Amino acid sequence: MLKKNVIWLCLLIGVVLTACSISYKFNGASIDYTKVKTITIKDFPNQAPLVYPQLSQEFTEALKDIYIRQTRLQLVNDNGDLELEGEITGYQLTPMAVKEDAWSSQTKLTITVRVRYSNRTNPDEDFEQTFSAYQEFDATRMLQDVEPELCPLIIEEIVDQIYNATVANW
């Protein structure tokens with residue numbers, strides 16, 4: 001009798017553990033696909049005083065990619081139901097973490113992007129906003145040596161901010 005109860009208890013625990021799983025998805029969009037079907041993403045020119053030549057293309061492609069991967073929106077060249085446009089306005093280096101010899105041990109690379117968002121189906125959601133992100137690197141390294149590794153990280157963070165502000169609504 002005790003052996004039978006132990007088996008039933010083990011089965012019950014196994015069923016409970018496998019049947020009860022909670023999953024949250026924080027990258028989903030809250031889009032009414034019956035009204036919104038297309039998105040237009042214009043090129044984001046680099047108007048920052050300091051220029052990383054690939055930045056404009058890499059940023060624009062990353063922005064398009066997140067909407068293609070995480071929504072069912074169709075990317076169109078003009079007159080999309082949603083529209084994103086803007087420009088890269090900042091590409092800035094800032095010395096950080098000053099050491100005892102008054103030299104900086106870290107440098108911060110910050111990218112800033114101004115975005116204009118239009119929602120043709122719900123104009124109340126339109127906005128113009130500035131987004132920025134940064135990464136720090138060792139001050140002994142040259143900027144051109146760290147750009148290929150840091151820029152994609154910064155771009156990804158800014159693109160996530162824009163995506164969340166436009167269609168994720170959280």
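Reply: Begin with burial. Buried means under 20% relative accessible area. Keep in mind that this is a predicted model.

Me: Which residues of β1 are buried, and on which sides?

Reply: The general idea comes first. In a regular strand, side chains alternate between the two faces of the sheet. Now the case here. Thr38 and Thr40 are buried on one side of β1. Ile39 and Ile41 are buried on the other. Both faces of β1 are therefore covered, given that buried means under 20% relative accessible area.

Me: In what order do the strands of the sheet lie?

Reply: Two strands pair if DSSP finds at least two bridges between them. Here five strands make an open sheet, ordered β2-β1-β3-β4-β5, with mixed pairing. β2 (74–75) and β5 are the edge strands, each pairing on one side only.

Me: How many bridges join β3 to β4, and how many join β1 to β2?

Reply: β3 and β4 run antiparallel, with 15 bridges between them. Leucine 84 has tyrosine 117 in β4 as its bridge partner. β1 and β2 run parallel and are joined by two bridges. There, isoleucine 39 has leucine 75 of β2 as its bridge partner.

Me: Now the helices. Which strands does each one lie across?

Reply: Look at contacts and at the angle between axes. α2 lies across β1, β2, β3 and β4, at about 120° to β3. α3 lies across β3, β4 and β5, at about 150° to β5.

Me: What makes up the largest nonpolar core?

Reply: In soluble globular proteins, nonpolar side chains tend to be buried together. In this model the largest nonpolar core has 38 residues. Phe59 and Tyr67 have the most contacts inside it. β1 (38–41), α2 (55–70), β3 (82–98), β4 (104–119), β5 (127–138) and α3 (143–168) each supply at least two of its residues. α3 gives the most to this core, twelve residues.

Me: Which residues does tyrosine 67 touch?

Reply: Leave out residues up to four places away in sequence. Tyrosine 67 then touches Ile39, Ile41, Leu84, Ile162, Tyr163, Thr166 and Val167.

Me: Last, the largest pocket. How much space lies in it, and which residues lie nearest its centre?

Reply: Read the volume, then the lining. The largest pocket holds about 160 Å³ of space. Its lining has 14 residues, with Ser30, Asp32, Val36, Asn119 and Glu125 nearest the centre. β4 and α3 are the elements that give two or more residues to this lining.

Note on methods
Residues are numbered from 1 along each chain as its sequence is written. This is a predicted model: local features need pLDDT of at least 70, side-chain atom pairs count only at pLDDT 80 or more; totals for chains, interfaces and linings use all residues. Side-chain values use heavy atoms; hydrogens and water are left out. A nonpolar core is a set of buried Ala, Val, Leu, Ile, Met, Phe, Trp, Tyr and Cys residues joined through side-chain atoms within 4.5 Å. Buried means under 20% relative accessible area, exposed over 50%, partly exposed in between (1.4 Å probe, protein chains only). Helices (H or I, at least four residues) and strands (E, at least two) are DSSP runs, numbered from the N terminus. Contact means heavy atoms within 4.5 Å. Axes are lines fitted to C-alpha atoms, for helices over the stretch in contact, and angles run from 0 to 180 degrees between N-to-C directions. On a 1 Å grid over the protein atoms alone, a cavity is a set of points where a 1.4 Å probe fits but cannot get out, and a pocket is an open set with protein on both sides within 12 Å along at least five of seven lines; lining residues have an atom within 4 Å of a point. Grid points are joined across faces, edges and corners, and a volume is the space filled by probe spheres set on the points.
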